[in-house]
Amino acid sequence: MAKYTDISTAVIHGGKSIDEATGAVNVPIYQTSTFKQDALGRTRGYEYSRTGNPTREALEKLIAELEGGEHGYAFGSGMAAITAVLSLFRSGDRILISENVYGGTFRVLDKVFDGFGVTYSIVDTTSREAFEAGFGPDVKAVLLESPANPLLTVTDIRMVSEVAHAHNALSIVDNTFMTPYLQKPLDLGADIVIHSATKYLGGHSDLVAGLVVVNDEDIAKRIGFIQNATGGVLGPFDSFLLIRGIKTLAVRMDRHVENAEALIRYLNGNKAVGKVHYPGLESDPGFAVNSKQAVNGGAMISFELKDGYDVPTFFSSLRLVSLAESLGGVESLACHPASMTHASIPREIRLQVGITDGLIRLSPGIEAASDIIADLEQAIERAALR
């Protein structure tokens, strides 16, 4: 952070938090497509809102400061952000991706960029030996999530970045699950950080947005060019909503994590639950690495019910927790990765990496933990096969 000693302050006052024109303590929604120019070649800093907009610029400066980066870019969705980053590469380039990543990331590589000659390989980024074995002269980047979606697998970001750089490749980290409040990949050596800001950063399930942060000037210029040339920018109203959401990120994340830890204690003690995935557990394979690079285990949970429980009945029995795509909102959400977020990944690959048909992903909201637990309890009871 450039200005503040604690990120809890920076989320409120970071970036460009005051409107210079009026002194407004909230940057206004500059809902305009174009800007009057004073003369030929003389503007007041803005020409056209695809190229630059004051509300979006305030957001971009904010996320750059929070991630400890120099340059931020806001896009119309998380996938638009990922697509812009992947557009850095050319035909013949290969990208390494970790074993469980968001299904949309897999789909855009498998179905879109493959047609442009940009290929990918799935590797185990948790093992240095397995990760290094995936390299060849055509590998130009590694794209990973840590913790990964949906099994919450932890990758050593510093190790991966060091190996990638040794092979003249970029390290790209999707930091959606942790946010800069809990983890800062650039400080760990990553070159590019991506967010689906739809999730925890927005925090209220009322917008769709993506963010990219970089330090390197050359990469920044290329991302900026791609953003303007392809036009997948975030509009001023959603930029305003996202800034507003980020202002409460610290207090929301504290409650999200508190609830997640309460739910973990409940799930671990429930005889119906066969396996729990959460990197904040000392028994989790990723606990040691996650403890080195993140503040805590985050707020996402995935778990599996034992044989004798019907997963569809569990989902249909939920009352407080909503069966829905997405995560990170103030309301608790549950999803079935195999048929929802990761349905675009072929079943044989899903099973190979551990995304079973019985896997349940849970995004605890900020409701009372006791009410969330009560809802899970009654849904599990209804799911029991008799």
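In these legends, a residue is called buried when its relative accessible area is under 20%, exposed when that area is over 50%, and partly exposed in between, with a 1.4 Å probe and protein chains only. Helices (H or I, at least four residues) and strands (E, at least two) are DSSP runs, numbered from the N terminus. The model is predicted, so that local features need pLDDT of at least 70 and side-chain atom pairs count only at pLDDT 80 or more, while totals for chains, interfaces and linings use all residues. Residues are numbered from 1 along each chain as its sequence is written, and side-chain values use heavy atoms, with hydrogens and water left out.

View 1. In helix α4, which covers residues 103–112, the buried residues are Gly103, Gly104, Thr105, Phe106, Val108 and Leu109. Their cover includes helices α3 (78–86) and α13 (347–353) together with strands β2 (94–98), β3 and β4 (139–145), contact here meaning heavy atoms within 4.5 Å.

**View 2. The packing of α3 against α4.** Two packed helices are described by the angle between their axes and the distance between the axes. For α3 and α4 the angle is about 40° and the axes lie 10 Å apart, which makes α3 oblique to α4; angles under 35 degrees count as roughly parallel, over 145 as roughly antiparallel, 65 to 115 as roughly perpendicular and the rest as oblique. Axes are lines fitted to C-alpha atoms, for helices over the stretch in contact, and angles run from 0 to 180 degrees between N-to-C directions. Met79, Ile82, Thr83 and Leu86 of α3 meet Gly104, Thr105, Val108 and Leu109 of α4.

**View 3. The mixed open sheet.** An open sheet is formed by 7 strands in the order β1-β7-β6-β5-β4-β2-β3, with mixed pairing, where two strands pair if DSSP finds at least two bridges between them. Its edge strands are β1 (71–75) and β3, each of which pairs on one side only, and the twist averages 20° from one strand to the next. Strands β2 and β4 run parallel and are joined by 4 bridges, with Ile95 standing opposite Ala141 in β4. Helix α2 (residues 54–66) packs on the sheet and touches β1, β6 (192–196) and β7 (210–214), its direction making about 125° with that of β1.

**View 4. Thr125 in its loop.** Thr125 lies in the loop between β3 (119–123) and α5 (128–133), and is buried, with a relative accessible area of 2%. Leaving aside neighbours within four places in sequence, the contacts of Thr125 are Ser98, Phe131, Val142, Thr155, Met159 and Val160.

**View 5. Strand β12 and its partners.** Because 5 of the 5 residues of β12 (residues 359–363) are buried, this strand is largely enclosed by the rest of the structure. Leu359, Arg361 and Ser363 point one way from β12, whereas Ile360 and Leu362 point the other way. Strand β9 (residues 301–305) runs antiparallel to β12 and is joined to it by 4 bridges, with Ile301 opposite Leu362. Strand β11 (residues 333–335) also pairs with β12 in the antiparallel sense, over 3 bridges, and here Leu333 stands opposite Ser363.

**View 6. The largest nonpolar core.** This core has 64 residues, and those with the most contacts inside it are Leu242, Ile301, Phe303 and Phe314; a nonpolar core is a set of buried Ala, Val, Leu, Ile, Met, Phe, Trp, Tyr and Cys residues joined through side-chain atoms within 4.5 Å. Its largest share, 9 residues, comes from helix α10 (residues 249–268).
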